[in-house]
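Subject: Structure handover and notes

Hi there,

Here is the structure I promised to pass on to you.

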Amino acid sequence: MDPTAAQQTMTRETRLRLGPVPPDPDFADMAEQTWRLLGDRFMLRAAGDHRFHYRRGHGVTVERGEGAIVADEELWLNGSVYAAIACINGLLPIHASAVAHRGRVYAFTGPSGAGKSTLVTALGGHGLPMFCDDTLVLDLEGGAGDGQVACLPGHKRLKLTPEALALTGAVAQERVCADLDKFYAVPPAGDVGAVLPLAALVFLEEGGEEAFLPIAGAERIARLQDDHYTAQLFLAARGLDRGALFAHLAALARRIPMARFVRPRDTARFASGVALAAEYVKSCDSSD
């Protein structure tokens, strides 16, 4: 399959128009700050009666209620709405930030606040360009027939806290929004816009000494059971029962090399951890 087909689909399906959302009784009773995914349709109702409606083949309609916060619109469109569209179109979004090296993607995942964006930004100082921030979209059917998983390049701008900006030395741009203490930032080594295969998925953990450790056996499946909203959207789109979900995760675990990166959350040791991560990425490439 053409590895760029999924990217073309997302470009087409995320086309945007402003105006009243189409009337749909299945979404009429939704409260603010909730979402609902039904078949090929998705609705998000944000604060201030700010509505985002998607239907496959029809793109996204945004309706701004009287209390809608327009400044937050980019966050919704690039977050839940984009992830829902990916899921409805057969793709898998995961909660991860990533860098690229020699035509492959190295992704770092973990709960919110684990330092994914900060690490990826700092790796730019070692010559590793950013591939995505916060959400990595996988095309499980878009590889070259060799079992590799294809990754779609990032659709979000890099966002960092003031602390992360200070740690990484990244160039800050405008504030993301009034209610979020984060700023858009420039990736130090730029970013990559091509569809690339996934080389490794690394889970960030807090610990005493910096180390990359392999993940094997049943733990690989357990690691993929995320409760992030991207995973919730995927389950809603696929309608998987417990057995089908296990089969999906087991198949995915067999295809994705995994490791865990243990390091202390100590700013004095941040640089040494980043150096080890850069060495890991570059040694993975050279060992193939």
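First, the ground rules. This is a predicted model, so to speak of local features I needed pLDDT of at least 70, and side-chain atom pairs count only at pLDDT 80 or more, while totals for chains, interfaces and linings use all residues. Residues are numbered from 1 along each chain as its sequence is written, and side-chain values use heavy atoms, with hydrogens and water left out.

The largest pocket has a volume of about 1,100 Å³. Of the 45 residues that line this pocket, Gly113, Ser117, Lys159, Thr161 and Lys182 are the closest to its centre. Elements that give two or more residues to the lining include helix 2 (73–88), helix 3 (116–123), strand 13 (180–186) and helix 8 (270–286). Helix 2 gives the most, with 6 residues. By class, the lining has 15 nonpolar, 14 polar and 16 charged residues.

For your own grid work, the terms are these. On a 1 Å grid over the protein atoms alone, a pocket is an open set of points with protein on both sides within 12 Å along at least five of seven lines, a cavity is a set where a 1.4 Å probe fits but cannot get out, and lining residues have an atom within 4 Å of a point. Grid points are joined across faces, edges and corners, and a volume is the space filled by probe spheres set on the points. In the classes, Ala, Val, Leu, Ile, Met, Phe, Trp, Tyr, Cys and Pro are nonpolar, Asp, Glu, Lys and Arg are charged, and the others, Gly among them, are polar.

**The cavity**

The count comes to 1 cavity of 30 Å³ or more, and the largest cavity has a volume of about 30 Å³. Among the residues that line the cavity are Val120, Thr121, Leu128, Met130 and Pro187. Its lining has 7 nonpolar, 3 polar and no charged residues.

Helices (H or I, at least four residues) and strands (E, at least two) are DSSP runs numbered from the N terminus. Helix 3 is mostly covered, with 8 of its 8 residues buried (under 20% relative accessible area; exposed is over 50%, partly exposed in between; 1.4 Å probe, protein chains only).

How far apart are the end C-alpha atoms of helix 7 (residues 242–255)? They are 20 Å apart, which agrees with the 20 Å that its 14 residues should span at 1.5 Å a residue (the expected span is 1.5 Å times one less than the number of residues). His248, Leu249, Ala250, Leu252 and Ala253 are buried in helix 7. Its buried residues pack against strand 6 (92–101), helix 5 (218–223), helix 6 (229–238) and strand 16 (258–263). At the N-terminal end, Asp241 caps the helix, with a side-chain oxygen 3.2 Å from the backbone nitrogen of Gly243.

**Single residues**

- Thr230 lies in helix 6 and is buried, with a relative accessible area of 1%. It touches Ala83, Cys87, Pro93, Ile94, His95 and Thr135, not counting residues up to four places away in sequence (contact means heavy atoms within 4.5 Å).
- Arg238 is also placed in helix 6, but counts as partly exposed at 35% relative accessibility. Its C-alpha atom is separated by 8.7 Å from that of Gly39, 199 residues apart along the chain.
- His53 is found in strand 4 (residues 50–55) and, at 6% relative accessibility, counts as buried.
- Arg36 lies in strand 2 and is partly exposed at 27% relative accessibility. A polar contact of 2.8 Å joins its side chain to that of Asp29 (N or O atoms within 3.5 Å; within protein, one must be able to donate a hydrogen and the other to accept it, and residues adjacent in sequence count only if both atoms are side-chain atoms).
- Gln33 has a positive phi, near 65°, and Asp49 has one near 55°; neither is a glycine.
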